[in-house]
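Please walk me through this model in the viewer, one selection at a time. Tell me what to pick and what is found there.

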Amino acid sequence: MGALSSALSSVSGLRSLLPDGQSAAKSAAPTPVRHLTPPAAMTEAEIIDGCLAGSRAMQKQLYDRFAGKMMAVCLRYAQTTFEAEDVLQEGFITVFNNLRNFRRECPLEFWIRRIMVNAALRQHRRNAPLVAVSEGEYPEELAGEEFTLSNYAFEEMLAMVQELAPRYRMVFNLFAIEGYGHKEIGELMGISEGTSKSQYARARAILKTKLERLEAHRSNGTYRQ
């Protein structure tokens, strides 16, 4: 992410456009005052149009507006912050290279999010082959009841999800958070629909056990942040 941030932050300052042979001191004509739109007030359309026109400032605005949210997405798919930063950088490179193809039929954030998920999938294929991994002593399935992670701090939830084996982590995120169906997940990951279902059930079982242990530690007063 450092290389991308440096590239995007190298926005040139305002320059005085003077006739040949004149200096700024000799320029008699006053520079008109420009009322710039605050970055937070810019519409998506303005930012997109600026990026398509080649404006580095608008590229930086787009990056600054969505980088935080997209980093949170990348962290859920990655096992480390370093890996998440790699996914984020690859994702934004894809965003800028393909922005001209964005048809504006959905929110820009939704489009960027899908690009980040695809970047995470590519990272997974490169670095985490679908190999069986022992997860310790956990039940194979959950009962029919659902559970939620919304009662836990982001850091707690993230730590539990990151501890899942890569294949479980990918399936859980794609199904439970992104809303993909198991057939779609199977196609994306090169596994069968049934395998996607079983791996999701396994991931839920593991997370359920982790949540129960966390609650037990809290009740006993042994949990520490």
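**Before selecting anything**

This is a predicted model, in which local features need pLDDT of at least 70 and side-chain atom pairs count only at pLDDT 80 or more, while totals for chains, interfaces and linings use all residues. Residues are numbered from 1 along each chain as its sequence is written, and side-chain values use heavy atoms, with hydrogens and water left out.

**Whole chain**

Colour by secondary structure. The protein has nine helices and zero strands; helices (H or I, at least four residues) and strands (E, at least two) are DSSP runs, numbered from the N terminus. Read from the N terminus, the elements run α-α-α-α-α-α-α-α-α. Of the 225 residues, 38% count as buried, where buried means under 20% relative accessible area, exposed over 50% and partly exposed in between (1.4 Å probe, protein chains only). Among contacts (heavy atoms within 4.5 Å) with a separation of 6 or more, 72% are between residues 24 or more positions apart.

**The largest nonpolar core**

Select Leu62, Phe92, Leu108 and Ile112. Of the 54 residues in the largest nonpolar core, these four touch the most other members. Such a core is a set of buried Ala, Val, Leu, Ile, Met, Phe, Trp, Tyr and Cys residues joined through side-chain atoms within 4.5 Å. Two or more residues each come from helix 2, helix 3, helix 4, helix 5, helix 6, helix 7, helix 8 and helix 9. Helix 3 gives the largest share of this core, 11 residues. Domain 1 (44–127) and domain 2 (154–222) each supply at least three residues to this core; the domain bounds come from an automatic or database domain assignment.

Now centre on Ile112. Leaving aside neighbours within four places in sequence, Ile112 is in contact with Leu62, Phe66, Met70 and Val95.

**Helix 5**

Select residues 108–127. Helix 5 has 20 residues and should span 28 Å at 1.5 Å a residue, which agrees with the 29 Å between its end C-alpha atoms; the expected span is 1.5 Å times one less than the number of residues. Its buried residues are Leu108, Trp111, Ile112, Ile115, Met116, Val117, Ala119, Ala120, Leu121, Gln123 and His124. What covers these buried residues includes helix 2 (44–52), helix 3 (56–77), helix 4 (81–98), helix 7 and helix 8 (182–189).

**Ring pairs**

Show the aromatic side chains. A search of the whole structure finds five aromatic pairs. Rings of Phe, Tyr and Trp (its six-membered ring) pair if their centres lie within 6.5 Å; planes under 30 degrees apart count as stacked, over 60 as edge-to-face and the rest as tilted. Phe172 and Tyr200 are stacked, because their ring centres are 6.0 Å apart and their planes are at 20°. Phe172 lies in helix 7 (residues 166–177) and Tyr200 in helix 9 (residues 193–220), so the pair ties together parts that are 28 residues apart in sequence. Both Phe172 and Tyr200 are buried.

Move to Tyr63, Phe92 and Phe96, which ring pairs link into a cluster.

**Salt bridges**

Show the charged side chains. How many salt bridges does a search of the whole structure find? There are nine, each a side-chain nitrogen of Lys or Arg within 4 Å of a carboxyl oxygen of Asp or Glu.

- Select Arg104 and Asp49, whose side chains meet in a salt bridge (2.7 Å, N to O). The pair links distant parts of the chain, with Arg104 in the loop between helix 4 and helix 5 and Asp49 in helix 2, 55 residues apart. Arg104 is partly exposed at 40% relative accessibility, and Asp49 is partly exposed at 41%.
- Select Lys60 and Asp64, another salt bridge (2.7 Å, N to O). Lys60 and Asp64 are four residues apart in helix 3, so about one helical turn separates them.
- Select Glu163 and Lys210, a salt bridge (2.8 Å, N to O). Glu163 is in the loop between helix 6 (154–162) and helix 7, and Lys210 is in helix 9, 47 residues apart. Lys210 is buried, with a relative accessible area of 15%.

**Last stop: Arg76**

Select Arg76, in helix 3. Is Arg76 buried or exposed? Its 6% relative accessibility means that Arg76 counts as buried. Not counting residues up to four places away in sequence, Arg76 touches Arg113, Met157, Leu158, Val161, Arg169, Asn173, Ile177 and Glu178. Arg76, Arg113 and Glu178 are linked in a network of salt bridges.
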